[in-house]
Amino acid sequence: MKKIGFLSFGHWSGHPAYSTRTASDTLLQSIDLAVAAEEIGLDGAYFRVHHFASQLASPFPLLSAIGAKTSKIEIGTGVIDMRYENPLYMVEDAGAADLISEGRLQLGISRGSPEQVIDGWRYFGYEPAEGETDADMGRRKALEFLDKLNGIGFARPNPNPMFPNPPGLLRLEPHSKGLRERIWWGAASNATAVWAAENGMYLQSSTLKYDENGKPFHVQQAEQIRLYKEAWKKAGHKREPRVSVSRSIFALVNDQDRYYFGQEASRSDKIGMIEQDKRAIFGRSYAAEPDQLIKELAQDEAIQEADTLLLTIPNTLGVDYNVHVLSSILEHVAPGLGWR
């Protein structure tokens with residue numbers, strides 16, 4: 001059994017072929033897609049977060065709305081760039097969204113990736129401390145977020161408050177018990193995957209990672225996951241670790257599928273520079289008839305290592321087509337791989 005969710009980047013544009021012409025289109029269709037995904041038996045609805053772009057940004061209003069209209073599906077992010085965040089305000093937003101969904105939030109966070117503008121977090125009012133890099137700042141904020149999610153009081157109460165205070169130091173409210181244990185870290189390297197395990201976060205590994213040894217993408221990702229699991233065990237956490245991997249997978253079951261994605265079938269891993277000094281490897285897309293797709297996916301070592309698979313979707317093609325894409329995987333592919 002494997003959990004299967006979708007991951008939407010939430011694009012919109014005035015392009016005539018897009019079903020998402022505006023931000024409103026994307027937000028409302030995201031809600032509708034999550035509702036439909038729950039109805040067909042999908043396990044998760046996840047959303048990417050980007051700033052200064054025609055894509056989904058602040059996730060908590062969307063996650064709260066989905067939480068109010070669904071009852072079972074996991075709701076999450078992949079990932080929130082912590083360089084842009086106020087960790088304490090984020091604790092309040094996340095706590096509220098998790099309570100609305102009755103404990104179904106699965107928040108993916110990270111130190112962030114290259115963005116649309118130079119040092120965009122500076123426009124949000126944030127600067128690395130002396131001697132820090134922006135990556136250091138992102139990880140520091142992540143640790144503060146994790147600490148405050150524990151719900152332990154830390155703020156000295158006013159002796160003359162507007163409303164009566166409980167005894168002792170005050171915590172942030174609303175507090176959602178258990179959310180601290182449902183935080184995921186998006187790791188691009190083996191080292192940060194180990195760091196995530198040491199700090200009790202689940203692991204999100206996307207369709208790219210730093211190229212650390214020249215091996216095929218899925219092999220490097222599987223190695224990363226195994227290192228994470230070893231570090232989790234060594235850290236002595238009492239709960240079981242969770243790992244998600246993202247993939248672009250399309251079962252070609254009709255002419256529309258072949259028109260949109262038939263050309264994806266011959267794709268292979270790609271190498272590129274994600275940052276000035278960081279060589280990255282990008283995993284291939286999968287697009288084939290279901291029987292062939294099952295054979296190819298069975299060889300993907302990282303998918304075998306993960307308990308959760310996030311299917312990246314073409315959100316601009318609309319709710320109905322994306323429900324078809326997801327249903328095709330559940331019906332024609334997942335059973336043949338033992339995922340269902």
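## Terms and basis

A residue is called buried when its relative accessible area is under 20%, exposed when it is over 50%, and partly exposed in between, with a 1.4 Å probe and protein chains only. The model is a predicted one, in which local features need pLDDT of at least 70 and side-chain atom pairs count only at pLDDT 80 or more, whereas totals for chains, interfaces and linings use all residues. Residues are numbered from 1 along each chain as its sequence is written, and side-chain values rest on heavy atoms, with hydrogens and water left out.

## Glycine 262

Glycine 262 is partly exposed, because its relative accessible area is 30%. This glycine sits in the loop that links helix H7 (255-261) to strand E11 (270-275), where helices (H or I, at least four residues) and strands (E, at least two) are DSSP runs numbered from the N terminus.

When neighbours within four places in sequence are set aside, glycine 262 is in contact with Leu252 and Asp257, contact meaning heavy atoms within 4.5 Å. A separation of 6.5 Å lies between the C-alpha atoms of glycine 262 and alanine 287, which are 25 residues apart along the chain.

## The sheet E8-E12-E11

Strand E11 also belongs to an open sheet of three strands, ordered E8-E12-E11 with antiparallel pairing; two strands pair if DSSP finds at least two bridges between them. Strand E8 (208-210) and E11 are the edge strands, each of them pairing on one side only. From one strand to the next, the twist averages 35°.

Strands E8 and E12 (residues 278-282) run antiparallel and are joined by three bridges; tyrosine 210 has alanine 280 in E12 as its bridge partner. Helix H6 (residues 217-235) lies across E8 and E12 and runs at about 70° to E8, where axes are lines fitted to C-alpha atoms, for helices over the stretch in contact, and angles run from 0 to 180 degrees between N-to-C directions.

## The whole chain

The protein contains ten helices and 14 strands, and 51% of its 340 residues count as buried. Among contacts with a separation of 6 or more, 72% are between residues 24 or more positions apart.

Along the principal axes, the C-alpha atoms fill a box of roughly 70 × 40 × 40 Å. The radius of gyration is 20 Å, which agrees with the value near 20 Å for a compact globule of 340 residues; this radius is taken over C-alpha atoms, and the globule rule is 2.2 Å times the number of residues to the power 0.38.
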